[in-house]
Amino acid sequence: VQLQAFGGGLVQAGGSLRLSCIVSGRAYRVDVMGWYRQAPGNQRELVASITRDGTTNYADSVKGRFTITRDNARNTAYLQMNVLKPEDTAVYYCNADRIYSLTSPVRAYWGQGTLVTVSS
């Protein structure tokens with residue numbers, strides 16, 4: 001089982017990006033999925049999370065600008081980021097708190113980071 005994150009890049013302030021997080025492998029259930037970010041010199045922080053039934057949670061700094069969604073059938077989560085600001089610049093990581101699969105023990109997984117750079 002692996003998590004793979006895609007969609008980072010360079011964008012001007014006010015622009016948009018969409019990140020994708022895909023669970024690969026023989027996973028048959030994925031519980032809470034989330035996006036975290038870490039800027040240089042800062043601790044990793046939660047950006048947004050979503051439960052299997054679609055309940056969402058956002059950091060105050062991104063409320064109204066970012067939207068997290070998921071497709072349970074595809075074991076995929078998305079983070080739509082609008083009105084990006086330079087302070088959103090960070091490496092973004094996706095996370096699943098529990099993945100159930102036929103080949104691996106139930107545990108949390110982290111994807112590789114994807115860099116988002118917002119220029120002013």
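## A strand pair to start from

F6 stands opposite S20, a residue of strand 3. Strands here are DSSP runs of E with at least two residues, numbered from the N terminus, and two strands pair if DSSP finds at least two bridges between them.

Before going on, a word on the model: it is predicted, so local features need pLDDT of at least 70 and side-chain atom pairs count only at pLDDT 80 or more, while totals for chains, interfaces and linings use all residues. Residues are numbered from 1 along each chain as its sequence is written, and side-chain values use heavy atoms, with hydrogens and water left out.

## Aromatic pairs

You will find 2 aromatic pairs in the structure. Rings of Phe, Tyr and Trp (its six-membered ring) pair if their centres lie within 6.5 Å; planes under 30 degrees apart count as stacked, over 60 as edge-to-face and the rest as tilted. The Y28 and Y100 pair is tilted because the ring planes stand at 45°, with the centres 6.2 Å apart. Y28 sits in strand 4 (residues 27–30) and Y100 in strand 10 (residues 90–101), 72 residues apart. With a relative accessible area of 54%, Y28 is exposed (exposed is over 50%, buried under 20%, partly exposed in between, using a 1.4 Å probe and protein chains only).

The rings of Y36 and W110 have their centres 4.9 Å apart and their planes at 65°, so this pair is edge-to-face. Y36 is in strand 5 (residues 33–38) and W110 in strand 11 (residues 107–110), so the pair ties together parts 74 residues apart in sequence. Y36 is partly exposed at 23% relative accessibility, and W110 is partly exposed at 41%.

## Around N95

N95 has its place in strand 10 and counts as buried, at 9% relative accessibility. Among the residues that N95 touches are L3, Y36, Y109 and W110, not counting residues up to four places away in sequence; contact means heavy atoms within 4.5 Å.

Note on methods:
Helices (H or I, at least four residues) and strands (E, at least two) are DSSP runs, numbered from the N terminus.
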